Amino acid sequence: MLGRVEKSVEAHCGAVLAGRWNYEGTALVTVGEDGQIKIWSKTGMLRSTLAQQGAPVYSVAWGPDSEKVLYTAGKQLIIKPLQPNARILQWKAHDGIILKVDWNSVNDLILSAGEDCKYKVWDSYGRPLYNSQPHEHPITSVAWAPDGELFAVGSFHTLRLCDKTGWSYALEKPNTGSIFNIAWSVDGTQIAGACGNGHVVFAHVVEQRWEWKNFQITLTKRRTMQVRNVLNDAVDLLEFRDRVIKASLNYAHLVVSTSLQCYVFSTKNWNTPLIFDLKEGTVSLILQAERHFLLVDGGGIYLYSYEGRFISSPKFPGMRTDILNAQTVSLSNDTIAIKDKTDEKIIFLFEASTGKPLGDGKLLSHKNEISEIALDQKGLTNDRKIAFIDKNRDLYITSVKRFGKEEQIIKLGTMVHTLAWSDTCNILCGLQDTRFTVWYYPNTVYVDRDILPKTLYERDARWDLRT
């Protein structure tokens with residue numbers, strides 16, 4: 001930690017254009033003007049030359065499991081597994097040379113930016129999810145926030161903040177020249193940019209907003225929130241000792257994590273929050289249910305009551321909390337569901353009150369990889385249901401209690417892009433192809449599947465699709 005050079009190696013013929021450590025910190029990938037992609041050990045030993053291009057490789061990124069590498073090849077993007085003879089995925093991504101890529105470990109989405117003055121969002125199969133309008137200048141940098149909810153875009157005198165679907169939240173025009181690289185802080189609250197004019201630009205994420213019923217809460221400064229009651233226009237200011245990292249507003253409670261503490265506010269009284277110290281510090285996810293809330297940080301998963309009492313901490317072999325998000329963890333009053341990363345066909349189910357595997361510990365297993373899960377929120381524990389979307393975009397429902405005929409996994413719909421349960425009753429909704437669909441009573445499938453179409457509400461959602 002003294003800044004001393006430990007080792008120096010001849011890595012490439014010509015300039016080294018990019019280098020990235022894998023998520024475990026055990027391997028380094030470098031790319032350069034010579035068109036080579038090389039993998040190095042952390043001691044600086046060359047492990048392999050993964051590929052050889054005929055032109056410079058400008059950017060590289062590891063896949064979420066550190067088993068694949070994404071790199072640029074002119075106008076093409078290439079995903080190459082480390083295993084020999086494994087299938088390579090390659091597609092034309094831009095109309096100009098691609099200058100920068102990033103691949104997020106939480107949402108498994110890819111960013112690319114190029115000389116065609118566009119930035120794009122892709123899934124890990126190379127399918128396009130967002131294509132920006134052309135900018136005035138080439139896009140020289142893109143970078144995901146650690147939790148995969150936001151990304152930053154850099155260009156000439158331009159810094160842009162976007163959500164994961166590509167929509168732009170903010171546009172700044174700093175006098176920086178081109179921003180060649182962007183790095184996020186570990187907690188996802190600020191970024192640093194390397195600028196063409198020789199300066200480093202720093203930016204903080206503010207004006208985040210949370211809404212629940214008649215309350216609207218805005219993060220106005222790094223340590224200040226404004227609470228507005230839209231019914232009577234009453235305004236409260238919430239001041240925090242340290243900067244706000246994560247927040248969640250639901251079930252008449254606001255849960256806020258700073259770099260050191262957790263604050264729990266009741267919507268009935270904003271003056272006296274319950275405060276307790278955090279074990280790890282950087283909370284990456286907050287989930288709420290009616291009776292309790294879940295915190296996820298680098299050390300584990302922790303369930304607390306709204307009185308600040310620690311309840312449980314579920315664990316399973318190979319658990320990686322750094323890649324969990326709201327699509328892969330779900331919470332109800334009695335159950336915690338977590339989609340595994342090592343085997344994406346598996347969902348772990350835990351008792352909320354104990355953190356132990358539910359029932360006899362039998363896992364929920366599906367025939368395909370699962371991309372999104374959600375527990376229903378109301379009703380009895382024995383009737384608890386979980387809905388999930390698999391990689392084919394099919395929507396299924398099944399019982400959490402794994403016994404008898406209730407073990408059936410029944411398909412509810414196809415081409416479903418996202419889903420959500422109502423907080424007040426067990427109504428399910430989702431975006432289905434070009435339609436917004438509501439399943440008023442999904443449990444109909446356990447009584448008579450033929451009745452299911454009569455319980456649906458559908459509305460054309462094309463006006464809301466992002467192109």
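This is a predicted model: local features need pLDDT of at least 70, side-chain atom pairs count only at pLDDT 80 or more; totals for chains, interfaces and linings use all residues.
View 1. Burial here means under 20% relative accessible area. Both faces of β25 are covered. His 253, Val 255 and Ser 257 are buried on one side, and Leu 254, Val 256 and Thr 258 are buried on the other.

**View 2. Pairing of β24 with β25.** Strand β24 (residues 244-250) pairs with β25 in the antiparallel sense, over six bridges. Asn 250 has His 253 of β25 as its bridge partner. The hairpin of these strands has two residues between them, and within this hairpin Tyr 251 takes a positive phi near 50°.

**View 3. Pairing of β25 with β26.** Strand β26 (residues 261-266) runs antiparallel to β25, and five bridges join the two. Ser 257 stands opposite Cys 262 in β26. A hairpin through two residues joins β25 to β26.

**View 4. The protein chain around these strands.** The chain contains 43 strands and zero helices. Its radius of gyration is 23 Å, which agrees with the value near 23 Å for a compact globule of 467 residues. The C-alpha atoms fill a box of roughly 65 × 50 × 45 Å along the principal axes. Of the 467 residues, 53% count as buried. The chain exposes about 22,500 Å², of which carbon and sulfur atoms supply 51%. There are 54 positive and 52 negative side chains, and the centres of the two sets lie 1 Å apart.

Note on methods:
Residues are numbered from 1 along each chain as its sequence is written. Side-chain values use heavy atoms; hydrogens and water are left out. Helices (H or I, at least four residues) and strands (E, at least two) are DSSP runs, numbered from the N terminus. The radius of gyration is taken over C-alpha atoms; the globule rule is 2.2 Å times the number of residues to the power 0.38. Buried means under 20% relative accessible area, exposed over 50%, partly exposed in between (1.4 Å probe, protein chains only). Accessible areas come from the Shrake-Rupley method with a 1.4 Å probe; for residues, only the protein chains shown count as cover. Lys and Arg count as positive and Asp and Glu as negative; His and the chain ends are not counted. The place of a charge is taken as NZ of Lys, CZ of Arg, CG of Asp or CD of Glu. Two strands pair if DSSP finds at least two bridges between them.
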